[in-house]
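Okay, everyone, thanks for coming. Let me put the chain up on the screen, and then I'll walk you through it.

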Amino acid sequence: MPLPDGTVIATIIRDGRPTVPTPAFTLRAGDELLLVSHTATEQEIHAAFQ
């Protein structure tokens with residue numbers, strides 16, 4: 001399931017350091033995401049990662 005419309009991944013925290021995501025970036029276990037959205041609920045965002 002894609003992220004809800006109007007939602008972007010602002011940064012990914014890996015090994016304690018922020019990283020600007022690129023289209024080629026692959027998420028790893030333990031990565032933390034900072035998302036920004038104008039319309040999505042927390043439930044919709046969680047569903048996108050299930």
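So, the accessible surface of this chain comes to about 4,000 Å², and 56% of that belongs to carbon and sulfur atoms. Those areas are from the Shrake-Rupley method with a 1.4 Å probe, and for residues only the protein chains shown count as cover. Of the 50 residues, 18% count as buried. Buried here is under 20% relative accessible area, exposed is over 50%, and partly exposed is in between, with a 1.4 Å probe and protein chains only. The C-alpha trace spans about 30 × 20 × 20 Å along its principal axes.

A bit of housekeeping. This is a predicted model, where local features need pLDDT of at least 70 and side-chain atom pairs count only at pLDDT 80 or more, while totals for chains, interfaces and linings use all residues. Residues are numbered from 1 along each chain as its sequence is written, and side-chain values use heavy atoms, with hydrogens and water left out.

How confident is the predictor? pLDDT is its confidence in each residue, from 0 to 100. The chain averages a pLDDT of 92, and 100% of the residues score at least 70. Confidence is highest in strand E2, at 95, and lowest in helix H1, residues 42-48, at a mean of 91.

Now the layout. Helices (H or I, at least four residues) and strands (E, at least two) are DSSP runs, numbered from the N terminus.

The three strands form an open sheet in the order E2-E1-E3, with antiparallel pairing. E2 and E3 are the edge strands, each pairing on one side only. Neighbouring strands in this sheet are turned by 30° against each other on average, ignoring direction. For that angle, axes are lines fitted to C-alpha atoms, for helices over the stretch in contact, and angles run from 0 to 180 degrees between N-to-C directions.

Let's take the pairs one by one. Two strands pair if DSSP finds at least two bridges between them. E1, residues 7-14, and E3, residues 32-37, are antiparallel and share six bridges. Follow valine 8 across and you land on valine 36 in E3. Isoleucine 13 has glutamate 32 as its bridge partner in E3, and in E2 isoleucine 13 stands opposite proline 18. E1 and E2, residues 17-19, are antiparallel too, joined by three bridges.

Between E1 and E2 there's a hairpin with two residues between the strands. Aspartate 15 sits in that loop, and its phi is near 55°, a positive value in a residue other than glycine. Why point that out? Because most residues other than glycine have a negative phi. Aspartate 15 is also exposed, with a relative accessible area of 65%.

Is arginine 14 buried or exposed? Arginine 14 belongs to strand E1, and it is buried, at 15% relative accessible area. What does its side chain reach? A polar atom of the arginine 14 side chain lies 2.8 Å from the backbone oxygen of threonine 26. Its side chain also makes a polar contact of 2.6 Å with the side chain of aspartate 31. By polar contact I mean a pair of N or O atoms within 3.5 Å; within protein, one must be able to donate a hydrogen and the other to accept it, and residues adjacent in sequence count only if both atoms are side-chain atoms.

Aspartate 31 is in the loop between E2 and E3, and it is buried as well, at 16%. A polar atom of its side chain lies 2.8 Å from the backbone nitrogen of arginine 28. Leaving aside neighbours within four places in sequence, aspartate 31 is in contact (heavy atoms within 4.5 Å) with residues including Ile12, Ile13 and Phe25. Phe25 turns up for arginine 14 too, along with Thr26, Leu27, Arg28 and Asp31, again not counting residues up to four places away.

Last stop, the chain ends. Methionine 1 is in the segment before E1 and is exposed, at 70%. Methionine 1 and glutamine 50 are 49 residues apart in sequence, but 8.1 Å apart in space, C-alpha to C-alpha. Methionine 1 is in contact with Ala47 and Ala48, leaving aside neighbours within four places.

Conventions:
pLDDT = per-residue confidence, 0-100.
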